Amino acid sequence: MATSLIRRAMNATSRLSSSTVNPASRLAVIRPYAGEADAQKVEPKAAASTNMKTFQIYRWNPDDPAKPQLQDYKIDLKECGPMVLDALIKIKNEIDPSLTFRRSCREGICGSCAMNINGCNGLACLTKIESGSSETTITPLPHMFVIKDLVVDMTNFYNQYKSIEPWLKRKNPPPTAGKEIPQSKKDRAKLDGMYECILCACCSTSCPSYWWNPESYLGPAALLHANRWISDSRDEYTKERLDAVNDEFKLYRCHTILNCARACPKGLNPGKQIQHIKQLQLTG
Amino acid sequence: MASSLALKRLVSSNILPSSLRVLRPIVTAPSASRVSNTNAAREDVFDPLSPTRSPNQAVNIRDQFMQNQFLSASRGMATLAKGEGEASEPKNILRPLSPHLPVYKPQLNATLSITNRISGAFLTTVLLFSYLLSLKMGSVCLTYSSFYQFFFYSAKLFLVSASVSALALSYHTYYGIRHLLMDLLKVGVPKVK
């Protein structure tokens, strides 16, 4: 094979360099690897080498209610984007259009595609597909009612967020009427680590305490936002906010299991914020 | 959600049951797109009785379609919360709970936490019932001879249970100290992802 390549290269370069007699090109002819002509040839599809991966995805259809099942799908990773969401979309486009899941921004900012991938909660658009031939198991967020396939009922989660009154509450008008309430950089830095929350529910649904008491315990996400408003220097209802969560169930079902910090796809630490609230309850 | 509930009530009083069998929803309205996924395989059975219809009739049929879409969509989500269903609905779907314990990958921090709880429960039982055990063991052995036989030949049980209790006590104490350190001095908090 090498000799034929060399022969072809010699012929090609001799044809090309017939006009320009170049000592370098004459030297180039004796190269043991493919010459310019071979480089121009377009290689056909990567010969039969595919990288198949199996995805086991939780399926349940409300129109045809049976026991929920894990269904296998095989896709070629070489023709798929790197993230789990790419794989899901590929499956939906090419193999099974009835696969149902939430998605929107595909860049980890909207929080729609939160699901349980290989046992850990995360955003599908930010979770890379594991290389290797092991199967990837995708199930919906744990301990939530399933509407269909990977879509869960988030009503309770949103209601808990609403219940902590996530807006600015003041008793006095702003210091300069008609203008914004000034806040120092130090006070603004206190909100870092809390304002970035996208309410994807990865943390709350990873907390075993939230699994066993979903309606009475507020969950790490809602408590993180509660702390965000408690720590806001512009908000004047701090004491009332602290009293509102000072309940055996709403706040103190947290046993610092800290699964929430491990699960957060944005790298936040709800456990730390909950500890902050608990400390404020003690001192303030 | 509230609007679909209202539509449900409106529709259930209007639409005849026979029309449900004939008409199957087509995907047009965005709110009914959830239903379309499952009905993709089913063919559209809509067959007008006459090829030409007046615009009015066409609009009426389209409205019926829309209402049917909502009806079958609401049938699928007949339970807004688990178990809740309308009396007029033919099906009450109970939604399953997504898997939690069987599926979730065991984390180090969560395992340590639950072991703390288990050791605490074990120590409490030992503490509160050890007196009962030592007081009543004699009479139990006298009444149940087979138990006494087993107990006689398993003197090592004491050693085993003592070491298990010691293990539980030490683990519980260490976890308690770690908890205190984490709360007061912020030492040893597990790193976030």
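In this predicted model, helix 5 of chain B and helix 6 (residues 145-152) of chain B pack at an angle of about 115°, with axes 5 Å apart. Helices (H or I, at least four residues) and strands (E, at least two) are DSSP runs, numbered from the N terminus. Axes are lines fitted to C-alpha atoms, for helices over the stretch in contact, and angles run from 0 to 180 degrees between N-to-C directions. On the side of helix 5 of chain B, the contact (heavy atoms within 4.5 Å) involves M137(B), V140(B), C141(B) and T143(B). Helix 6 of chain B contributes S145(B), F147(B), Y148(B) and F151(B). These residues divide into 6 nonpolar, 2 polar and no charged. Here Ala, Val, Leu, Ile, Met, Phe, Trp, Tyr, Cys and Pro count as nonpolar, Asp, Glu, Lys and Arg as charged, and the others, Gly among them, as polar.

Helix 5 (residues 108-143) of chain B also packs with helix 7 (residues 156-185) of chain B, at about 130° and with the axes 9 Å apart. That angle makes helix 5 of chain B oblique to helix 7 of chain B, because angles under 35 degrees count as roughly parallel, over 145 as roughly antiparallel, 65 to 115 as roughly perpendicular and the rest as oblique. Among the residues that make this contact are L112(B), F122(B) and L123(B) of helix 5 of chain B, together with V164(B), Y171(B) and R178(B) of helix 7 of chain B. The contact residues of this pair divide into 9 nonpolar, 7 polar and 1 charged.

Looking at chain B as a whole, there are 7 helices and 0 strands. Of its 193 residues, 25% are buried, where buried means under 20% relative accessible area, exposed over 50%, and partly exposed in between (1.4 Å probe, protein chains only).

What about the cysteines? The count over all chains comes to 0 disulfides, a disulfide being a pair of cysteine sulfur atoms within 2.5 Å. The sulfur of C110(A) is 3.5 Å from the closest cysteine sulfur, in C105(A), which is too far for a bond. C110(A) is partly exposed, at 27% relative accessibility. For C207(A), the closest cysteine sulfur belongs to C260(A), 6.5 Å away and again too far for a bond. C207(A) is buried, with a relative accessible area of 9%.

Residues are numbered from 1 along each chain as its sequence is written, and chains are lettered from A and ligands numbered from 1 in the order in which they are written. Local features need pLDDT of at least 70, side-chain atom pairs count only at pLDDT 80 or more, and totals for chains, interfaces and linings use all residues, while side-chain values use heavy atoms, with hydrogens and water left out.
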